[in-house]
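Me: I am new to this structure and would like to understand the terms used to describe it. Please set each value against its definition.

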Amino acid sequence: MALYAQLFLNTVQIGSVYMLFSLGLTIIFGVMRVVNFAHGELFAAAALLVAALVPAATAHLGVPIVISYALSIVAAMVAVSLLGAVLYQFGFRLYLRDMTGSFILSLGFLLLLQGVLVEIFTGVPRVVPPISEETMVFLGGRVTVQRLVTCAAALVLATSVIGLIKYTNLGMALRAVSEDYEAAMLQGIKYGRIAFVGFLVGVNLAAAAGCLIAPLFTVTPFMGADYLVRAFIIVIIGGLGSISGTVLASFVVALLDTLGGFYFDPTTTTIAMFALVMLLLVLRPQGLMGRSD
Amino acid sequence: MKWQNSALAAVLLAVGLAAAPQIGIAAETLKLGLSLPLSGNGSTWGLGMKWAAEAAAKQINSGGGIKADGKIYTLEVLAYDNKYNTADGTKVAQTLFSRDNVDFVVGVMGTGPTQALQAIAERRDKLIFTTAWGRNVKGPEHPLTFTQAHTSSESMPELFGYIKKEHPNAKTVALINPNDATGKAVEADARAFWSKIGMNVVMSDFFERDTTAFQSVATKIVQAKPDIVDASSGPPDIAGQIFKELRTQGWKGIQVIAAGGSAATLTKTAGEAADGTYMGLVVDFASPAATETQRRLNGEAEKVLGEPLNPVHVSTWDATMALKAGIEKANSLDPKKVADALRTVVFESSYGPAAFGGAETYGIAEQILVPVTVAAVRNGKIVELARVKPKELEERLKVKQ
C-alpha cells in the first residue's frame, strides 16, 4: 500500500507542474494558433529570478524566507509578464495564426532568451533555500509539506484559470476566438486584444510554474527544455487547444513518468511516450479531447 | 639627395638594431585548449577547471613562460562549453583544432567530449589531458591522451574498501548514473569494484542529465532496500537532489559519490541530506595535509568561484604544469615528443612532485600519479578520512633522488 501511495504522490507532484506549464502552451495555441517554443524560457526566467531574488531579499530586507519567496514571486511574475508583452508586441503580434512564421520566430526567441539568461544568470545551477523541510506521511507514502503546498497552489491556479475561461466574459471571448476567430470578430470581439490577453495568460502560467518549482529543484537557464518536450507530448495527447484535454493528459503523462521510471527506467519511459504520441496521431490525430477540424 | 639616403639608411639601421634584441627575446603565444561544461550540470566542475588553468598560465607567464628550442612561449587559455555532451564536445573539438589551431588541450570533462576530441586529435597528432573516467579513452591506442585526475581504477578500490571496513554489515548497493558514455563506463567499473569486495549490486539505473524530477528513481531505490546508494558519476548537484529525495521517502543508508568532485555543491543542493556522504575525488585543500600551493589556490578559488577548490578543478593546474615540464624536457612543441617526455618526467604539481604512470593497468603510462583520498561530508564540511600515495609514484621519486 505504501508503494502505491508513494507512486500516487509522485504522480500528483509531477502532474501538477506539467499541468500549469502545458495549460499556458495550449491557451496560446488555442487563441493565437501559434506554437510557442520559447515557453520553456519564460518558465526558466521566472524560476531563475526567484532563485536569485529569494537569497537577496532574505539578506537585504531581513525578512523570513516565506516573505522573501512571496515578494520574489511577485517580482518574477511582473518581470516575465513584461517580457511576454515585449515578445508579443515585437514578434508574435505579426505572426498570429501563421504556423510557419511563428514556428521560426519562437525558435529564434528560444535561442535569444536562452543566451540572455545564460549571460545574466550564468549556466551554474542555482538552489533556492528550502522554505519548509517537514515531511508528511500519507498512507505510507511520504512527501514534503513544501511539495504538497506547491501541488495545492498549482491545482488552485489551474482551477482558477479554467473557471476564468468557463465562466467569465473574457473566458468566453477566449473560447470564441479559439473556436472561430472570424465569427468571434463578427460578434464584436477585438481579436488582437484577446490574443494579447490570451498570450499573457499563457506566459503567466509558465511563470507561475517556474516560481512554484524553483524551491524544489536546481534551477538553470536550460531547465525549460525538459518541460517543453513533456508539454508538447501532453498537448498532443490532450488535443491541441483543449483545456480539459491538457489537464487530463498532464496527469496521464505524469503517471506514465512515475510508473515507467519505477518499473523500467526514465529513458525507456521517454521512448514509450513518443511511441504513444505517434500511435495517437495515427488513431486519433485530434488527441483525447481535441476537436477534429 | 645622397645625404638624405644616408640619413634614411642610418635611421632604418638604428630602428633595426633597436628592435633586433626585442625580436630575439619576444615571447610567442602558445594556445592551450579546454573543453568543459561551463553551463548546466557539471558546470561547477568546468568553471573551476577553467579558473585553475588560467591561474596556472598566469603563474607560468609571470615566471618567464615556457622555454623550448631557443624560444620563450607565454600561455593563452581558450575555454569552450561542451555542455557535458558529445554533440557539443564535437563542436568544441572543431573549434579548437580547426579554427584556433591548438596543439595542446589541458582539460576535457566527460567521456563523450573526450572521444569527440580524440577523433580529430589522433589524426592530427594533438595532445590531450582529460578527466574522463571512461576506461576506453586510455591505452596504447591513444598514446597522446593523458588523464589529469584519478579515475575509477585509482579511486574506487580505496574508497569502497574504506566504506566496507567502516560498515562491515553493509551487503547491498544500488548504482545510479547519467545515461551517457561517462555514466555507462563508470557504472561498469563501479559494479566490478563493489562486487570484488563482496557487495551485491541490487539495482542499477540511469537518468538523462537534463532530468529535474527524481521522485520515481528514489521510489525505485527505496523499494530495492539497498544498504548503500552510490551515485557514482552523477554530478554533485544531481546526486544532491537524489539523496534529498531518498531522505524524504524515508531511506536512511550509506550514501556514496565515487566521482564526488564537489562537496560544496552537494551540500548546497541536498542540505542536511548530504551529511555522511562518502566521496571519492575530494580533498580538503584547506587542511594542514594540503600543500602550500593548494592552500593558496583554495583561498583564491573560494573568492572567485564561491566554493572551495576540489581535485577536478585543480587537475587543469596540474596538467598545465605537467605540460610545461614535458615541453621543456622534450625541448620541442611536437606533441609526440612532449608525450614521450611526459611518460618519464617528474613535475611539480599542486600536490608536490608528481608523474604519469599506470602502465600496468592501462598498458601505457598515461595516468597522473598523485595521492588518493577518501573523504566524507560531516556537518556540511568535507573531512578527509584517508590519503594514500601511489606506490608507483614513491618508486619514481626514489629513482629520481
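Me: Where is Ser68(A) placed, and what makes it count as buried or exposed?

Reply: Ser68(A) lies in helix α3 of chain A; helices (H or I, at least four residues) and strands (E, at least two) are DSSP runs, numbered from the N terminus. A residue is buried if 20 or more other C-beta atoms, placed from the backbone, lie within 10 Å of its own C-beta atom, exposed if 12 or fewer do, and partly exposed in between. Ser68(A) has 24 such atoms within 10 Å and is therefore buried. This is a predicted model, in which local features need pLDDT of at least 70 and side-chain atom pairs count only at pLDDT 80 or more, while totals for chains, interfaces and linings use all residues. Residues are numbered from 1 along each chain as its sequence is written, and chains are lettered from A and ligands numbered from 1 in the order in which they are written.

Me: Which residues does Ser68(A) touch, not counting those up to four places away in sequence?

Reply: They are Val54(A), Ala57(A), Thr58(A), Leu61(A) and Val63(A). Contact requires that the C-beta atoms of two residues, placed from the backbone, lie within 7 Å. The C-alpha atoms of Ser68(A) and Ile243(A), by contrast, are separated by 33 Å.

Me: Why is Arg97(A) called partly exposed, and what is its phi?

Reply: Arg97(A) has 14 other C-beta atoms within 10 Å and is therefore partly exposed. Its phi is positive, about 60 degrees, although Arg97(A) is not a glycine. The residue sits in the loop between α3 (65-90) and α4 (99-121) of chain A.

Me: How do you know whether Asp69(B) is buried or exposed?

Reply: Asp69(B) has 11 C-beta neighbours inside 10 Å, so it counts as exposed. Asp69(B) belongs to the loop between β2 (66-68) and β3 (71-81) of chain B, and its phi, near 55 degrees, is positive in a residue other than glycine.

Me: How do you know whether the span of helix α10 of chain B agrees with its number of residues?

Reply: The expected span of a helix is 1.5 Å times one less than its number of residues. The 14 residues of α10(B) (292-305) should therefore span 20 Å, and the end C-alpha atoms are 19 Å apart, which agrees.

Me: Which residues of α10(B) are buried, and what puts them on the same side?

Reply: The buried residues of α10(B) are Gln294(B), Leu297(B), Asn298(B), Ala301(B) and Leu305(B). They cover an arc of only 110 degrees around the axis, so they lie on the same side of α10(B); the arc is that of the directions from the helix axis to the C-beta atoms. An α-helix has 3.6 residues a turn, so residues three or four places apart point the same way. The cover over these buried residues includes α2 and α11 (311-330) of chain B. Exposed Glu292(B) and Lys303(B) are on the face of α10(B) turned away from the buried side. After α10(B) comes Gly306(B), with a positive phi near 80 degrees.

Me: What makes β8 and β16 of chain B edge strands?

Reply: In chain B, seven strands form an open sheet of mixed pairing, in the order β8-β7-β9-β10-β11-β15-β16. Strands β8 (200-207) and β16 (381-388) of chain B each pair on one side only and are its edges. Neighbouring strands of this sheet are turned by 20 degrees against each other on average, direction ignored. Axes are lines fitted to C-alpha atoms, for helices over the stretch in contact, and angles run from 0 to 180 degrees between N-to-C directions.

Me: How do you know that β7 and β9 of chain B pair?

Reply: Two strands pair if DSSP finds at least two bridges between them. Strands β7 (172-178) and β9 (228-230) of chain B have three, in the parallel sense, and Leu175(B) stands opposite Asp230(B) in β9(B). Helix α6 (181-196) of chain B lies across β7, β8 and β9 of chain B, at about 165 degrees to β7(B). Helix α7 (215-224) of chain B also touches β7, β8 and β9 of chain B, and its direction makes about 175 degrees with that of β8(B).

Me: In what sense do β12 and β13 of chain B pair?

Reply: Strands β12 (347-349) and β13 (352-357) of chain B pair in the antiparallel sense over three bridges, and a hairpin joins them through two residues. Ala354(B) in β13(B) is the bridge partner of Phe347(B).
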